[in-house]
Amino acid sequence: MGAFQPLFSLEVEHSYFPGGVCRGLKLTPTPATQRLIGRAGGLLRHTDRGLFVACDVNMSLALGRLAEQSELVFHFRGHGPDARFANYTEGDFGSQQSLRVFHTQGTARGDDGRWRLKADTLPLDAPEFDGVLSALGRRVPPHFIVRLSLDAEALDVPRRYVCRLEARATVWKYCLFGELAEEPDALQVVDLGQSLRFGPPVDERLPDGRPMLVVRSAEPITLQERSSQRFQLRRAGAAGADKVLVKRLPVASPSQLNRETLGGVPTWVSEIYVHPSLSTV
């Protein structure tokens with residue numbers, strides 16, 4: 001076995017996680033890609049952000065000739081154990097009818113030297129997935145597919161490719177019960193950062209018929225694994241003497257996500273249940 005030289009690297013960044021590292025996500029080569037890497041005398045190594053592929057220097061010339069005749073195509077399946085992935089990821093992930101594909105068509109080198117992959121969504125029965133997804137893979141699809149097409153130019157200088165995934169933004173809906181729901185006209189959710197606004201409280205009911213008071217954010221708020229948002233529940237008093245009922249309200253979790261029609265528009269909503277025991281002042 002000879003020395004190795006880099007062929008390409010592939011990284012995944014997700015703005016939901018601190019530092020962009022999507023923990024638990026795996027990039028797995030398809031069997032055809034595994035064979036292609038083997039033909040190149042290649043070496044695949046996983047990193048905390050993705051993977052890199054190197055090839056035997058003795059094979060690089062043959063690989064270049066092969067790339068001059070036709071593009072070298074590598075497929076990777078992005079998958080992981082977190083069932084909430086589609087909840088905290090912006091876009092059409094988690095569908096049983098279609099699948100997001102990141103690809104190199106139309107990509108350009110960014111200021112950071114990396115090549116940001118484009119994204120499209122294709123139906124699961126699209127011919128592009130033939131040989132990429134098995135019958136089981138079509139029934140239980142991965143989070144997404146990465147398709148890297150390398151021509152001779154891409155082989156001259158090893159490229160760093162990156163998939164950027166954005167955190168989902170949702171309307172935050174605080175559901176208040178018991179004594180917290182008293183005097184609804186005087187209740188308000190306040191952003192200590194003074195950048196976000198919340199609407200007035202409205203009466204709603206739980207599926208079992210119990211009454212609750214609901215306060216929604218005026219605009220979507222981005223979900224974060226470690227949110228820095230600081231919201232308070234207050235009761236307005238006379239002459240601006242507000243009383244703080246909850247010093248720091250809980251933040252939204254991707255586990256409590258629903259679809260509501262707000263203003264005639266289907267909208268992702270994060271429900272946050274606030275129990276009277278959270279009242280701390």
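Glu225 comes out as partly exposed, at a relative accessible area of 29% (buried is under 20%, exposed over 50%, and partly exposed lies in between, using a 1.4 Å probe and protein chains only). This is a predicted model, in which local features need pLDDT of at least 70 and side-chain atom pairs count only at pLDDT 80 or more, while totals for chains, interfaces and linings use all residues. Residues are numbered from 1 along each chain as its sequence is written, and side-chain values use heavy atoms, with hydrogens and water left out.

The side chain of Glu225 meets that of Arg23 in a salt bridge, at 2.3 Å from N to O (a salt bridge puts a side-chain nitrogen of Lys or Arg within 4 Å of a carboxyl oxygen of Asp or Glu). This pair ties together distant parts of the chain, 202 residues apart: Glu225 sits in the loop between strand S15 (221-222) and strand S16 (231-235), and Arg23 in the loop between strand S1 (4-14) and S2. Helices (H or I, at least four residues) and strands (E, at least two) are DSSP runs, numbered from the N terminus.

Another of them joins Asp208 and Arg210 at 2.9 Å, N to O, and here Asp208 is exposed, at 53% relative accessibility. There is also a network of salt bridges that links Glu11, Glu13, Asp112, Arg114, Arg160 and Arg164.

Turning to the sheet, five strands make up an open arrangement in the order S2-S5-S9-S6-S8, with mixed pairing (two strands pair if DSSP finds at least two bridges between them). Strands S2 (26-29) and S8 (118-123) stand at the edges with a single partner strand each, so one side of each has no neighbour in the sheet. From one strand to the next, the twist averages 30 degrees. Helix H1 (residues 31-39) packs on this sheet and touches S2 and strand S5 (72-79), its direction making about 130 degrees with that of S5. Contact here means heavy atoms within 4.5 Å; axes are lines fitted to C-alpha atoms, for helices over the stretch in contact, and angles run from 0 to 180 degrees between N-to-C directions.

Within the sheet, strand S6 (residues 98-103) runs parallel to strand S9 (residues 144-150), and four bridges join the two. Arg100 stands opposite Phe144 in S9. The side chain of Arg100 also forms a salt bridge with that of Asp92, at 2.6 Å from N to O. Arg100 is buried, at a relative accessible area of 16%, whereas Asp92 is partly exposed, at 33%.
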